[in-house]
Amino acid sequence: MSKTIAILPGDGIGPEIIVEAVKVLEILNILFELELQLEEGLIGGAAIDATGQPLPPETLELVKKADAVLLGAVGGPKWESLDIANRPEKGLLGLRSELELFANLRPALLFPELANASTLKPEVVKGLDILIVRELTGGIYFGQPRGIHALDNGELQGFNTLIYNESEIERIARIAFESAQKRQKRLCSVDKANVLEATELWREIVTRVSKDYPNVQLTHMYVDNAAMQLVRAPKQFDVIVTTNMFGDILSDLASQLTGSIGMLPSASLDANNKGMYEPIHGSAPDIAGQNIANPLATILSVAMMLRYSLNKPELANLIEDAVSQVLRVKCGVLATL
Ligand code: IPM
Ligand code: MG
């Protein structure tokens, strides 16, 4: 039976990296008769320019009927003066919440060829293999009330709400424990439970859920310490589970351990493993249009799509091996220059 894959290039380098990833998907589609139908849609700034909205109804219809979504990146200076509710990023956040993609998996893996590309010493990052599980549809990025209003004295006040329900914490914790069970069985839950009640509850619920996964070793860490530990001794981590905002920040940090922000793919999954796949980096407007953006994170996102949503782990391995080979050849060539 044929499957629909929604392709949303977005803004900045988005279309450039998506073109390369689609080449990989198309070739596998032909070689392995996957019967994938690729359908393109508008998202972010490109959608604002064409329709006035960052997430047009046609795109929503497309992603809802699709079996998986591949997304490039959204945003850029062109749309920064718009009201926050109408910016390109709202399109992405809208997609995540409309599709209930609450579980965001961000693997930070060091390809050995890139050990020297990291800003950290090779011995600190060699063999690095971390999975960041980021809660994606809750927390301060979605919490109400939010806004900017004038106080009685005329001063402006900006406010957001960090809010987590027990069920939201429990479901992301289960994904993290299950992921850890397939890996080294170590889970570190990152919070700020010493200051924020919402994450005090986070810690309590994660601890409660841990009783169902006795073979996974659970630790807790405050986010400030986690940021420091990630650059001090990153290999101490196996799986990290954390809130939406902390996961956003720590995954950018983790990308640098791997040598380039252009190397980290991600999968955002719902309760049935329907997923959206995207590189963790942004639209990089400073290098857009020059065809120099690294497409590997997007290509690796295609691998994640094959593994999680299309049930083709062997093809995911094929892509990952190909990326490894490309790096070996390229880095080998560079080393001889
Ligand atoms: C990411 C990005 C997005 C986020 C932006 C573009 C809204 O930084 O996927 O990490 O904050 O989640
Ligand atoms: Mg981010």
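Colleague: How many aromatic pairs does the rule count here?

Modeller: The count is 2 aromatic pairs. Rings of Phe, Tyr and Trp (its six-membered ring) pair if their centres lie within 6.5 Å; planes under 30 degrees apart are stacked, over 60 edge-to-face, the rest tilted.

Colleague: Why is the pair of Phe177 and Tyr213 called stacked?

Modeller: The ring centres of Phe177 and Tyr213 are 4.9 Å apart and the planes stand at 5°, so the pair is stacked. The two residues lie 36 residues apart: Phe177 in helix 6 (residues 166–181), Tyr213 in the loop between helix 7 (197–210) and strand 9. Helices (H or I, at least four residues) and strands (E, at least two) are DSSP runs, numbered from the N terminus.

Colleague: What sort of model is this, and which atoms count?

Modeller: It is a predicted model: local features need pLDDT of at least 70, side-chain atom pairs count only at pLDDT 80 or more, and totals for chains, interfaces and linings use all residues. Side-chain values use heavy atoms, without hydrogens and water; residues are numbered from 1 along each chain as its sequence is written, and chains are lettered from A and ligands numbered from 1 in the order in which they are written.

Colleague: What makes helix 1 oblique to helix 10?

Modeller: Helix 1 (residues 14–31) and helix 10 pack at about 40°, with axes 8 Å apart. That angle makes helix 1 oblique to helix 10. Under 35 degrees is roughly parallel, over 145 roughly antiparallel, 65 to 115 roughly perpendicular, the rest oblique. Axes are lines fitted to C-alpha atoms, for helices over the stretch in contact; angles run from 0 to 180 degrees between N-to-C directions.

Colleague: And why are helix 8 and helix 9 called roughly parallel?

Modeller: The axes of helix 8 (residues 223–232) and helix 9 cross at roughly 10° and come within 10 Å. Helix 8 and helix 9 are therefore roughly parallel. Contact means heavy atoms within 4.5 Å. Val223, Ala226, Ala227, Leu230 and Val231 of helix 8 make it with Phe246, Leu250, Leu253 and Leu257 of helix 9.

Colleague: Why is one side of strand 2 and of strand 9 without a neighbour in the sheet?

Modeller: The open sheet has 10 strands in the order 2-1-3-12-11-4-5-10-8-9, with mixed pairing. Strand 2 (36–40) and strand 9 (217–222) stand at its edges, each with a single partner strand, so one side of each has no neighbour. Two strands pair if DSSP finds at least two bridges between them.

Colleague: How do you know that strand 4 pairs with strand 11?

Modeller: Strand 4 (residues 103–109) has 3 bridges to strand 11 (residues 265–269), and the two run antiparallel.
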